[in-house]
Amino acid sequence: MNEVKAFIRKQKAEEVVDGLEAQGFCCMTMIEAMGLGKLSDPDKSKLSIQIAERFSQVLKLVLVCREEDTDEVIDIILKHAQSGRKGDGIIYVTPVSKTVHVRTGQCGDEILQSRH
């Protein structure tokens, strides 16, 4: 199993989620975030008084999937999140050693996505 974390443009979120859901990937978490640094979109960045830095509004999408589905998830995110401009985002993949469903206590990758 892998955890896929994608930091994408906020305005691309609906398109990315629709693309993932269309392929059966329904279970994910989205968190609004601020992107700082060289990957930020210079045209869309704003000055934050709280942190005294320029930032871009981004969305962090987190999805855990079977290892064999990881490349498909990445391809879907790339297809729907790319604008071709600086600041499109970045994707990280991290191995997951165990999953446990809180309500049932069921373990394993069969609890991850509805299509499996």
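A disulfide is counted where a pair of cysteine sulfur atoms lies within 2.5 Å. The model is predicted, and a search of the whole structure finds zero disulfides. The points below are grouped by topic.

**Cysteines**
- C26 counts as partly exposed, at 35% relative accessibility.
- C107 is likewise partly exposed, and its relative accessible area is 36%.

**Helix α1**
- Helix α1 covers residues 13-22, and its buried residues are A13, V16, V17, G19 and L20.
- These buried residues line one face of the helix, because they fall within an arc of 160 degrees when seen down the axis of α1.
- E14 and A22, on the other side of α1, are exposed.
- G24 follows α1 and has a positive phi, near 90 degrees.

**Nonpolar core**
- The largest nonpolar core comprises 16 residues.
- Those with the most contacts inside this core are I8, V16, L20, L61, L63, V73 and I77.
- Two or more residues are given to this core by each of β1 (2-9), α1, β4 (53-65) and α2 (70-81).

**Surroundings of L61**
- Apart from its neighbours within four places in sequence, L61 is in contact with V4, K5, A6, V16, V17, L20, M28, T29, M30 and I77.
- Among these partners, V16, V17 and L20 are also buried residues of α1.
- V16, L20 and I77, which L61 contacts, are listed with L61 among the residues with the most contacts inside the largest nonpolar core.

Note on methods
Residues are numbered from 1 along each chain as its sequence is written. This is a predicted model: local features need pLDDT of at least 70, side-chain atom pairs count only at pLDDT 80 or more; totals for chains, interfaces and linings use all residues. Side-chain values use heavy atoms; hydrogens and water are left out. Buried means under 20% relative accessible area, exposed over 50%, partly exposed in between (1.4 Å probe, protein chains only). Helices (H or I, at least four residues) and strands (E, at least two) are DSSP runs, numbered from the N terminus. The arc is that of the directions from the helix axis to the C-beta atoms. A nonpolar core is a set of buried Ala, Val, Leu, Ile, Met, Phe, Trp, Tyr and Cys residues joined through side-chain atoms within 4.5 Å. Contact means heavy atoms within 4.5 Å.
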